[in-house]
Every structure is written in structure tokens, then in C-alpha cells.
Amino acid sequence: MLAAPADTEDFGAELATELAAGDVVILDGPLGAGKTVLARGIARGLGAQGAVTSPTYVIARVHPAGGRRPDGGAATAMVHVDAYRLGDGPGALDQLDALDLDTDLDDSVVVVEWGAGLAERLADHHVVVRLRRDPDTDVRTAEWERHTGSA
């Protein structure tokens, strides 16, 4: 359970220890579930620089990172994407492809908000984090799983 935003951010920093360059992380959850706060925690855990805010209007932001993962995989950046404005129609995949995110995958961790059903196609493997918020208590829950397969 994630009772406060700081808990969500701490969870993101902890999750970052499981990530390496080349990972795509898809943050799934409704509005207000804590996706951007979680992205902020992942950035902190990766040693990324700069303020992490929702990239809704710019669609993607690159945050240089200096962290080295325990497995030795260095991520030189965290690319933070908000796919909300891309929609879910037939042109959404073309719009995502136009961002050329796959060129960043070798050296970066790519974190995508609102990317479920779309961003999985960026890499052979990805991590999905599902965030939920209890409307009565504002307490969040998070579960994550790593998927491997074909892009």
C-alpha cells in the first residue's frame, strides 16, 4: 500500500534498482493514480537530473542520468513519455513511432504514462506497473510485472 505520495515515489526509486538501460516501463492507472509521482521516484532511483513533471504537452522529456544499476547496466537517461495525447486510434502507433524512442532504448530507461496497449511494441521486453487509487481513502496500490517476448 502506498499511503502518501512519498511512498509512491519511494516505490519508484526501489523499482529503479530492477531496471537497466533498454527497459520500457509502462505506467498504467487512471487519472490521479500517481503515475507522474512514480516516474519521479524512478528518476530519483536512476540518478536522473531535472524536475520530473508530467510531459503531457511536450509528450516526451529526457532526463540525463548518472546511475549505475546493480546488474551493471548503466542508464544514461530516463525518457519520460506521456502517451495520453496520442490517443488510441489507428494513428497512435505512428505518432509514437515518430517520437523515435527506440533510438533511446540502448542507453535509457523509457517510462511511458498512458502507454498500455501501445508502448509494449517499443521493445522485446517491458515492465508494466499498475497503479490504483482507493477513492475513499486516497491510498494507492501498485503491482508490477516484467514481460518478455517479441516487440
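Predicted model: local features only at pLDDT ≥ 70, side-chain atom pairs only at ≥ 80, totals over all residues.

Me: What makes Glu 9 and Arg 44 a salt bridge?

Reply: Their side chains meet at 3.2 Å, N to O, and the cut-off is within 4 Å, so the pair counts. Glu 9 sits in helix α1 and Arg 44 in helix α2, so the bridge ties together parts 35 residues apart in sequence. Asp 10 joins in too: Glu 9, Asp 10 and Arg 44 are linked in a network of salt bridges.

Me: Why is Glu 9 called buried?

Reply: Buried means under 20% relative accessible area. Glu 9 has 18%, so it counts as buried. Arg 44 has 42%, so it is partly exposed.

Me: How do you know that Glu 145 and Arg 130 form a salt bridge?

Reply: Their closest N and O atoms are 2.8 Å apart, and the limit is within 4 Å, so they qualify.

Me: Why is Arg 130 called partly exposed?

Reply: Partly exposed lies between the buried limit, under 20%, and the exposed one, over 50%. Arg 130 has 25% relative accessibility, so it lands there. Glu 145, with 33%, is partly exposed as well.

Conventions: Residues numbered from 1 in each chain as written. Heavy atoms only, no water. Helix = DSSP H or I, 4+ residues; strand = E, 2+ residues; numbered from the N terminus. Buried < 20%, exposed > 50% of the residue type's maximum accessible area, 1.4 Å probe, protein only.
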